[in-house]
Amino acid sequence: MKTLKLLPFLALISGPLFSQNQPKLVVGIVVDQMRQEYLYRYESKFGENGFKRLMNEGFMLKNAHYNYVPTETGPGHASIYTGTTPSIHGIVGNDWYDRTSKTNVNCVSDENQKTVGAEAGGAVSPWRMLSTTITDELKLSTQQRAKVVGVSIKDRGAALPAGHTPDGAYWYDGRNGNMITSTYYKQKLPDWVTKFNGQKLADKYLNQEWNTLLPVNQYVESAPDDSPYEGRWKGKNKPVFPYNLAELRKQMGEFSLLAMTPFGNNLVADFAKAALLGENLGKDDITDFLAVSFSSTDAVGHAMGPDAVEVEDVYLRLDKTLEEFFTFLDKEVGKGAYTVFLTSDHGVAHVPQYLKDLRIPAGYFRPAYVKATLNEHLQKYFPNKLLLEEVTSDQIYLNQSAFSEDPKSSGVDLLVATELITNFLLSTEGVAQVYSTSTLRQVSTSDPGIRGNVVRGFYSKRCGDILFALEPGWLAWGGVTGSTHGSGYSYDTHIPILFYGNGIKKGSSSQYHAITDIAPTLSVLLKIKFPSGCSGQPITEILD
Ligand SMILES: [Zn+2]
């Protein structure tokens, strides 16, 4: 329908196959590890046309949360795009213990695929995600005419949003600095991707210095630059600006260092623009979908903790990157012709040591130590029996073969063992709650509390036999610098949801919404089916 471009009035009188009022393009933006409060914390330093364009001209949900554990990147991206929780879409972690292979499996690894664009490291597909995504539904409703592309530094940040049927999903290869894909999507890289890689942008970004965008003494929203709670880079004795990337890359993993700098976000934005042009997204009357995930925010956040000047600088630079990206969309798709949503895959905890030093409850949980001491404890009751197969930061997988024998002859009773393990865990410092699978079965999936979060994150074929939650502020994290996420507490669950553009009202709301409400909202906006496993509800207050 190219003539419509020349004669736009014809669109009004022709019988539309697809609604003329619908967006030509939906752009989904996920900012990895972004708390809702960052929008306020950095607001005075943001420009008018990045985050604040969405806040002031779009609709801002101030009270949106993840409604399950674990709050991690894989489950987060899957839940945003499927409109449901791990209990249904099956992405129960970034990786999880697989009882069949007795190894940890990654949420997007697929041994039936091969890397395209690099030697290895890209055997990826969304096959473990059990629900359709909003992007799949857009494909299904248009007889595959809609175009869908996913882009991220992380493979899971591209593969899960793009769904099962996209035109492409691309992620960054830390070994060669290129954007790559897998045979699930393409047998060879499209020409526009090869051309993009030929520009060697990762190399250019890593040959510059990372200094603060503004004079460092203006970063009053953050802790002092030289803080004991921030991780140190190899080759630097203090965690302070400037970072001479050209020097530091030699000791910090060469191309893989890019993700730990704000320029990882720049590369993703550069590639998103190239994808839009290369795949002609947003150019006809059939709605296309570009899913973009920015994850340098997560890498810097883990290393430095949420109060670091480094994190603030990544956000101030991302604000500029977003401004340029929206200007590009105005030009290429047309202002008012596209719809954007921006959210995050999870928040982050404070550095526990920082909280401890302030006398706020917090601590460090050691799964390996707990596994060893729990094993010893069980040996007293069941000598020479190996009852534990795997202990993670929030789950215990029992060695089921130890219980499969005749209980009278083996002497191991599952209920007795479960009770012993539960009591042991409850006496362990930092453990708040313990749930066996039989107790979880009695919890309603609409339970709003932490227990409900555990149930909504539980998919029995992939989860352990005994699950537990740590106390607020407690993390399974290796050192006294940096931080992580994964809990069902508000610092990990409370994230921004912003909608902007075609079909979206201007305003804000403090009403509670779950992350699973984004996908059905898009279904209503696009007049298409809800994703197959959808358990969320459309956010009606934002729709025109
Ligand atoms: Zn993370």
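Start by selecting strands β12 and β19 (residues 494-501) in this predicted model: the two run antiparallel and are joined by five bridges. For one example, pick Phe341 and find its bridge partner in β19, Phe499.

Strands of a sheet pair through backbone hydrogen bonds, either parallel or antiparallel.

Now show the side chains of β12 (residues 338-343). Are the residues of this strand buried or exposed? Six of the six are buried, so β12 is largely enclosed by the rest of the structure. In a regular strand the side chains alternate between the two faces of the sheet. On one side of β12 look for Tyr338, Val340 and Leu342, and on the other for Thr339, Phe341 and Thr343; both faces are covered.

Move on to another stop, an open sheet of four strands in the order β14-β15-β17-β16, with antiparallel pairing. Its edge strands, β14 (388-391) and β16 (431-436), each pair on one side only. On average, neighbouring strands here are turned by 20 degrees against each other, direction ignored.

Within this sheet, select β16 and β17 (residues 466-470), an antiparallel pair with five bridges. Gln433 has Ala469 in β17 as its bridge partner.

Which helices pack on the sheet? Select helix α16 (residues 367-381), which touches β14 and β15 (395-398) and whose direction makes about 155 degrees with that of β14. Then select helix α19 (residues 414-426), which touches β14, β15, β16 and β17; its direction makes about 170 degrees with that of β16.

Methods:
Residues numbered from 1 in each chain as written. Predicted model: local features only at pLDDT ≥ 70, side-chain atom pairs only at ≥ 80, totals over all residues. Heavy atoms only, no water. Pairing = 2+ DSSP bridges. Axes fitted to C-alpha atoms, helices over the stretch in contact; angles between N-to-C directions. Contact = heavy atoms within 4.5 Å. Buried < 20%, exposed > 50% of the residue type's maximum accessible area, 1.4 Å probe, protein only.
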